[in-house]
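Good morning, and thank you for coming. Please look at the sequence and the structure as I put them on the screen.

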There are 2 protein chains.
Amino acid sequence: MSARPRHALYAQSGGVTAVINVSAQAVIETARAHPGHFARLYAGRNGILGVLDEDLIDTGAESAGAIAALRHTPGGAFGSCRYKLKGLDQHRSEYERLIAVLRAHDIGTFFYNGGGDSADTCLKVAQIGRELGYPLQAIHIPKTMDNDLPLTDCCPGFGSVAKYSAVSIREAGLDVASMAASSTQVFILEVMGRHAGWTAAAGGLAATRAGEAPQLILFPEIVFDEDRFLAAVEASVKRWGYCAIVASEGLRDAENRFLSEAGGSDAFGHAQLGGLAPLLAQRIKQRLGRKCHYAVADYLMRAARHIASATDVEQAYAVGRAAVEQAMAGASGVMVTIERLADSPYRWTTGTAPLEQVANVEKKMPRDFITADGFHITEACRRYLLPLIAGEDYPPYADGLPLHTELANTAVPRQLPPRRL
Amino acid sequence: MSARPRHALYAQSGGVTAVINVSAQAVIETARAHPGHFARLYAGRNGILGVLDEDLIDTGAESAGAIAALRHTPGGAFGSCRYKLKGLDQHRSEYERLIAVLRAHDIGTFFYNGGGDSADTCLKVAQIGRELGYPLQAIHIPKTMDNDLPLTDCCPGFGSVAKYSAVSIREAGLDVASMAASSTQVFILEVMGRHAGWTAAAGGLAATRAGEAPQLILFPEIVFDEDRFLAAVEASVKRWGYCAIVASEGLRDAENRFLSEAGGSDAFGHAQLGGLAPLLAQRIKQRLGRKCHYAVADYLMRAARHIASATDVEQAYAVGRAAVEQAMAGASGVMVTIERLADSPYRWTTGTAPLEQVANVEKKMPRDFITADGFHITEACRRYLLPLIAGEDYPPYADGLPLHTELANTAVPRQLPPRRL
C-alpha cells in the first residue's frame, strides 16, 4: 500500500442486469470506508468508452443515500457499453490511451464489472499497465445474466433472471392451463441467452412435478429438431391439456445456425437475435393446428429488479465488496468468484480466479443438467439452480411504482487533449 | 327469498387475469357465509362450456384454506373458455340446454365472471330463464385486463396489468438508457389490448417527467402513421439518448387494418394478434438504422400475480362479494360496478348497472386522455390511472417461487343425458 492514497476507477460493461448497480454500490461503499487506501473512486461514463474519452464521473459527489439506493435501481447507473477492445497487436494505441487516462488521474486500481468480453479487456489493461511500467491493479467483478463465466459457481445478475424465468412460466402456465379447453393450448416464453441455456433452464424450476409448466425447454446446447419438438408439444397437449415452453433465443439448427437471425450483429460481432418465438408459434399453428401464444422477455427479464432474487442481490454486493478488499490486499489480474460450499442449506463464499483462465471462456450447461430427451432439466440442475432464485428482495415503491435513484454523475475535469479517433 | 335454499353457480369466462380467482374466492366465501340462502355453490368447469356439458364442480368440497389461497393464484381455478353463445334466434337450443342444466341442479343464481362478451351471455341467460318460466337470478361480475367495460370506473384485472405495464417499461427504460451510448437505443414493449389502449396508456405512468421512459405510446385509438412515428422515435433518441415505446397490439393503419395480423382468429371471430413489435423493430432498424430490441408481454402481463396491484386485488374481491350480496337482495340482470368517489385520496365503492347497457359495448380511451400529438397520456389520464396501480400485494413464496393453490375440482354427479352436439 502506498503512503499517499491513489484513486480508483469503476466501470460497467456489456448488457446490464437488475443487480449490477448493487455491485457498484458495494464497490463505492467499501472504497469510501477506506479513504486511507482510495483517495477518490471514479466511474467511467458508459463503461470503458468513458475511460477512453476521459469522461470520468466522481462518485464522491454522490450522497450516501443515493449510493444506498443503487441497491434497488436496475440498469447501469453510470452507463454501460458494448465495446470490445481489439488485441494488443491490432490496437495498441487504444490500450496506451487507457493507461494515459489512468495515469493522468493517478488511478491505481481499475474495477471492471462485466462478463466474458470484459474479463478479456480487464486482463489486457493489467498486461499493458505492466508493459508500460504503470503501477495498476486490475480486478474484474463478474456480472452476466447469461451465467456463462467459468470458475465462478454463478454470476451475479443470473439469479434474478432465473427467478424471472421461473416465476413467469409458472404464472403463464396457470393462465394457459385454464384457457386450453377452448382456446390457447400452447405458450412459448422466449428468453435471452445467446450461447448457454442457463436462463431457459431456470424456467424448469417452476415444474416441481410432471405436468406442471414448463412441459418443454429448448436449450441452445441441444440441436433443434422440428419434428421431435412438435411431437413433444402434441404429446404434452394430449397428456396435460396444454404445453408451456421456455425457449432460448440461442436455439440452433443442425447446421449450427441460429433459428432466427435478425440479420444484424452487435459490436462484438454477435448476431442480434429476437425472432425465435414467432417462428416457433407459426410452426405450431401450421403443423399442429393448435392455437399458440408467445411472449418475448428480452430486456424485461434482465431489468426486472421488482422480482430480483435475494440471493442474487446479496452476491452482487459481495463480489463488489470482495473486489475492493482484494485490491487492498494487493491482488491484480483476477476476477472475484462465488464459491459454493453446500447446496442445501445453501452456503457460499467469495474467492478469486486468474483472469487468464476466465477471459473468453464460455461455461455452457453440463450435459447431465439436461434430461436425456433434451427437453427438461435434471435433478442435478435443479440442485444447482434452486438456491440462486431463493428469497425476494423487493424495491421500495411510491405511487404504485418501484423507486430508483438517479445519480448526479458529476464529471471529473479533463486533464488530457481529446482522444484521436 | 325462498324458504328452502337453492344452489348457485359461478363460472369464469374469457381471458383470465391475475386476480379473477380473487373474485372467485369472494363469491365462494360470501356464499358460504350465508348457507340459509345458498345451499351449494357450484362452478362450471371451463366456464359456460361446463354448464352446457353439465360438467359442474362442487366448490363445497374445497377447504377454507384452499379457497383463501385463490387470492394469490393467477389463471382461472375452474377453467375458463372462449365460447360465445349465439343469438337467441340462431341457437335457442343452446340456451334451453343451459336452463335444463340449471333446472336439473336447482340452481337459482348464476354468477358469470367475465368481460363484454360474457355480459352478453349473462344477459341472455337471464332473458331465456324468464321466457321459459325458470326462476333465475343472473349476475355479472366484471373482469377484463382490457378495462373496456362500460358503466364501471374500471375492471378488476386491469389494475394489475396496468402496474405490470408501468413497472416493466420503467425497468426496461433504465436498462436501455444505460446501453444507448454504444448499443440499443430503441426498445419496444408490446402489450395486449385489442381495441382499447388502456393497457398501453398505463405504461405512461412510468414517465413522471419529460425524458423518462416511455417516451412514446402507440394507442389503438390513434391511427398509426409510420413517418410520424419514426420521426418521434428519432427525436427522442436525439433529445434523450434513447426511446422506450409501449405499443398496443391493437395498433391499426389508416385502412383500419391491424398492423400485424397473425392470420388466425379466435372463437369470438376476433383476429389473433401478436406480431406487432417485430414489425416495428424492423422498420426502426431499416429506416432509422438504430439498434432496437423488443419484448412481447402477452400472457405474462395478465398472469403476473407477483406484481399485482393491491387496489386491483381489493376490487376483485369486492365485486365478487357484492355480486353475492346483490343476489341475496334479489337483483338480476345486472353487472356489479366500481364507482369512483374521489381521485386523491382514492375512494371507491361498488354499484350495479343493467346488463342491457353493458353487453357488447366497448369503452375506449377518451380522446382527452391522449396527448394532442397522440403519443402519450394526459394529466387527466394519469389522475384516472394512478390509483388503480397503487399498492403491492405479494403472494407467498416457497423455494423462490410464488405459491398457488390447486383445487380438487370435484365433479357434481350428472342428472341429464349428454348434450346433443
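Predicted model: local features only at pLDDT ≥ 70, side-chain atom pairs only at ≥ 80, totals over all residues.

B:Gly116 is found in helix H5 of chain B, residues 116-131; helices (H or I, at least four residues) and strands (E, at least two) are DSSP runs, numbered from the N terminus. Not counting residues up to four places away in sequence, B:Gly116 touches B:Leu149, B:Ala359 and B:Asn360, where contact means heavy atoms within 4.5 Å. The C-alpha atoms of B:Gly116 and B:Ser13 are separated by 10.0 Å, although these residues are 103 residues apart along the chain.

Residues are numbered from 1 along each chain as its sequence is written, chains are lettered from A and ligands numbered from 1 in the order in which they are written, and side-chain values use heavy atoms, with hydrogens and water left out.

Let us stay with chain B for a moment. B:Arg419 forms a salt bridge with B:Asp53, the closest N and O atoms being 3.0 Å apart. By salt bridge I mean a side-chain nitrogen of Lys or Arg within 4 Å of a carboxyl oxygen of Asp or Glu. The two partners are 366 residues apart: B:Arg419 lies in the segment after strand S15 (401-402) of chain B, and B:Asp53 in the loop between helix H2 (48-52) and strand S3 (56-58) of that chain. Side chains of opposite charge can pair when their charged atoms come close. Over all chains, a search of the whole structure finds 52 salt bridges.

Next, the interface between the chains. How many residues of chain A are in contact with chain B? There are 72, and they meet 72 residues of chain B. The size of an interface is often given as the accessible area lost when the parts come together. Between chain A and chain B the buried area is about 5,800 Å², and carbon and sulfur atoms give 59% of it; buried area here is the accessible area (1.4 Å probe) that two parts lose on being put together, summed over both.

Four salt bridges are found across the interface of chain A and chain B. In a salt bridge between the chains, the side chains of A:Glu406 and B:Arg209 meet at 2.9 Å, N to O. There are also 24 residue pairs in polar contact between chain A and chain B, both residues being at pLDDT 80 or more. A polar contact is a pair of N or O atoms within 3.5 Å; within protein, one must be able to donate a hydrogen and the other to accept it, and residues adjacent in sequence count only if both atoms are side-chain atoms.

Several elements of chain A supply at least two residues each to the side that touches chain B, among them H6, strand S6 (186-191) and helix H9 (276-288). The largest share, 13 residues, comes from H6(A). That side of chain A divides into 36 nonpolar, 20 polar and 16 charged residues. In this count, Ala, Val, Leu, Ile, Met, Phe, Trp, Tyr, Cys and Pro are nonpolar, Asp, Glu, Lys and Arg are charged, and the others, Gly among them, are polar.

Now to the inside of chain A. Chain A is divided into domain 1 (6-156 + 306-361 + 391-402) and domain 2 (158-302), with bounds from an automatic or database domain assignment. The centres of these domains, taken over C-alpha atoms, are separated by 32 Å. Their contact takes 22 residues from domain 1 of chain A and 18 residues from domain 2 of chain A. The area buried between the two domains is about 1,700 Å². A:Arg82, A:Met145 and A:Ile307 supply 39% of the area that domain 1 buries against domain 2, more than any other three residues. One salt bridge is found across this domain interface, together with eight residue pairs in polar contact.

Where does UniProt place the feature "active site"? The unreviewed entry puts it at A:Asp146; UniProt positions are given in the numbering used here, feature names are shortened, and annotations may be inferred rather than shown by experiment. A:Asp146 sits in the loop between strand S5 (137-142) and helix H6 (158-179) of chain A. Leaving aside neighbours within four places in sequence, A:Asp146 is in contact with A:Gly193, A:Arg194, A:Ala196 and A:Trp198.

I close with the backbone. The peptide bond from A:Ala213 to A:Pro214 is cis, with omega near -5 degrees, and the bond from B:Ala213 to B:Pro214 is cis, with omega near 0 degrees.
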